[in-house]
Amino acid sequence: MEMVARIIAPLLCGLVFGMGLLISGMVQPTKVLGFLDVLGAWDPSLAVVMAAALAAAAPGFLLARRRAGPVLAGQYFWPEKSGIDAPLVLGAGLFGVGWGLAGLCPGPALESLATLSPGVIAFVAAMAAGMVLHDNWRVSRPVVRHDEPIARVADG
Amino acid sequence: MANFTPVSAAIGGALIGLSAVLLMVLTGRIAGISGIFAGLLNVRSEDKAWRFAFLAGMMLVPVIAGWLGHGMASPSLPASWTVIAVAGLLVGFGTRLGSGCTSGHGICGIGRLSMRSIAATVVFMVTAVATVAITRHVVGG
């Protein structure tokens, strides 16, 4: 059971997720940029992908919450933070600029590594560097509690 | 809208949503790719096996598709290495600071009706659209 929970189930979920990205065309930056380019030849496909994903995920998560815990593990790891704070808004803003520059977000970037494209490898290396940079910076600073006012967080 | 592909988008999107639900129901984890990948990079994180397995599953898909004769085309990326590097850094740093990306906020978070995720999705959509508008229609011409 341990093996199923830690390796086989996540592997199968990754396969289904990867199939979704590939079939929907979202692994291709041209497709993503076609959606983001509202002033050009707009391609609404990404909106359909999100709507279909939400149509499956929203009722699925509701059903999941009716169970005491997951099938193969001890507890659910639902995100605990609530409230809209400055790091959330600033981080999302920076992410959007990078996404708009290359047309790649983390899922398609990692899946595209399979093509061994030098550009994708460079993008993923830079993405990993950005993540490590952030996580080390956050650890070296005092922990900011979620319930502190936004002004204190921004002043930090 | 000549490039609009609603049928493949709907099928692919449903599979992404199904995967997110399965990962939660089976293992209790959120299918947020930036968080999964960052946990694999973090030396302090101890639960690396499921993260590695999930990402390996994703990366196997183009390989298997290739065996079946539907190989994935290499993504077309900006010609400038500097732009690629800056974009990657912004995506990496921004998704950590903002606690998520398109999958974690856009699908899992909105799917739970999280106000944080709805706000994050609106913000990254706006800055992404603005970035494309500037690079394609202002400086790119």
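Me: Which residues in α6(B) do A:Leu33, A:Phe35 and A:Leu36 in α2(A) meet?

Reply: This is a predicted model, in which local features need pLDDT of at least 70 and side-chain atom pairs count only at pLDDT 80 or more, while totals for chains, interfaces and linings use all residues. Residues are numbered from 1 along each chain as its sequence is written, chains are lettered from A and ligands numbered from 1 in the order in which they are written, and side-chain values use heavy atoms, with hydrogens and water left out. Helices (H or I, at least four residues) and strands (E, at least two) are DSSP runs numbered from the N terminus, and contact means heavy atoms within 4.5 Å. On the α6(B) side, the residues that A:Leu33, A:Phe35 and A:Leu36 meet are B:Met125, B:Ala128, B:Val129, B:Val132 and B:Arg136.

Me: Are α2(A) and α6(B) roughly parallel or roughly perpendicular?

Reply: Axes are lines fitted to C-alpha atoms, for helices over the stretch in contact, and angles run from 0 to 180 degrees between N-to-C directions. The axes of α2(A) and α6(B) come within 9 Å and cross at roughly 95°. Angles under 35 degrees count as roughly parallel, over 145 as roughly antiparallel, 65 to 115 as roughly perpendicular and the rest as oblique. The relation of α2(A) to α6(B) is therefore roughly perpendicular.

Me: How many nonpolar residues has the contact of α2(A) with α6(B)?

Reply: Ala, Val, Leu, Ile, Met, Phe, Trp, Tyr, Cys and Pro count as nonpolar, Asp, Glu, Lys and Arg as charged, and the others, Gly among them, as polar. In the contact of α2(A) with α6(B), no residue is polar, one is charged, and the nonpolar ones number seven.

Me: How many of the eight residues of helix α2 of chain A are buried?

Reply: Buried means under 20% relative accessible area, exposed over 50% and partly exposed in between, with a 1.4 Å probe and protein chains only. The buried residues of α2(A) are A:Pro29, A:Lys31, A:Val32, A:Leu33, A:Gly34, A:Phe35 and A:Leu36. Their cover includes α1 (2-24), α3 (45-65) and α4 (86-102) of chain A, together with α6 (115-138) of chain B. Helix α2 (residues 29-36) of chain A is largely enclosed by the rest of the structure, because the buried share of its eight residues is seven.

Me: Which residues is A:Asp37 in contact with, leaving aside its neighbours within four places in sequence?

Reply: A:Asp37 lies in the loop between α2 and α3 of chain A. Its relative accessibility is 5%, so A:Asp37 counts as buried. Apart from neighbours within four places in sequence, the contacts of A:Asp37 are A:Trp42, B:Val132, B:Arg136 and B:His137.

Me: Is the crossing of α6(A) and α4(B) left-handed or right-handed?

Reply: Helix α6 (residues 118-140) of chain A and helix α4 (residues 81-97) of chain B pack at about 40°, with their axes 7 Å apart. These helices are therefore oblique to each other. A crossing is left-handed if the near helix is turned anticlockwise from the far one by less than a right angle, and right-handed if clockwise. For α6(A) and α4(B), the crossing is right-handed.

Me: Is B:Leu113 buried or exposed?

Reply: B:Leu113 sits in the loop between α5 and α6 of chain B. Its phi is positive, about 60°, although B:Leu113 is not a glycine. Most residues other than glycine have a negative phi. With a relative accessible area of 68%, B:Leu113 is exposed.

Me: What is the relative accessible area of B:Ser99?

Reply: B:Ser99 is placed in the loop between α4 and α5 (102-111) of chain B. Phi of B:Ser99 is near 60°, a positive value in a residue other than glycine. B:Ser99 counts as partly exposed because its relative accessible area is 35%.

Me: Which residues is B:Ser8 in contact with, leaving aside its neighbours within four places in sequence?

Reply: B:Ser8 belongs to helix α1 (residues 6-27) of chain B. At 23% relative accessibility, B:Ser8 is partly exposed. Leaving aside neighbours within four places in sequence, B:Ser8 is in contact with A:Ile23 and A:Ser24.

Me: How many helices has chain B?

Reply: Of the 141 residues of chain B, 50% count as buried. The pattern along its sequence is α-α-α-α-α-α. Chain B has zero strands, and its helices number six.
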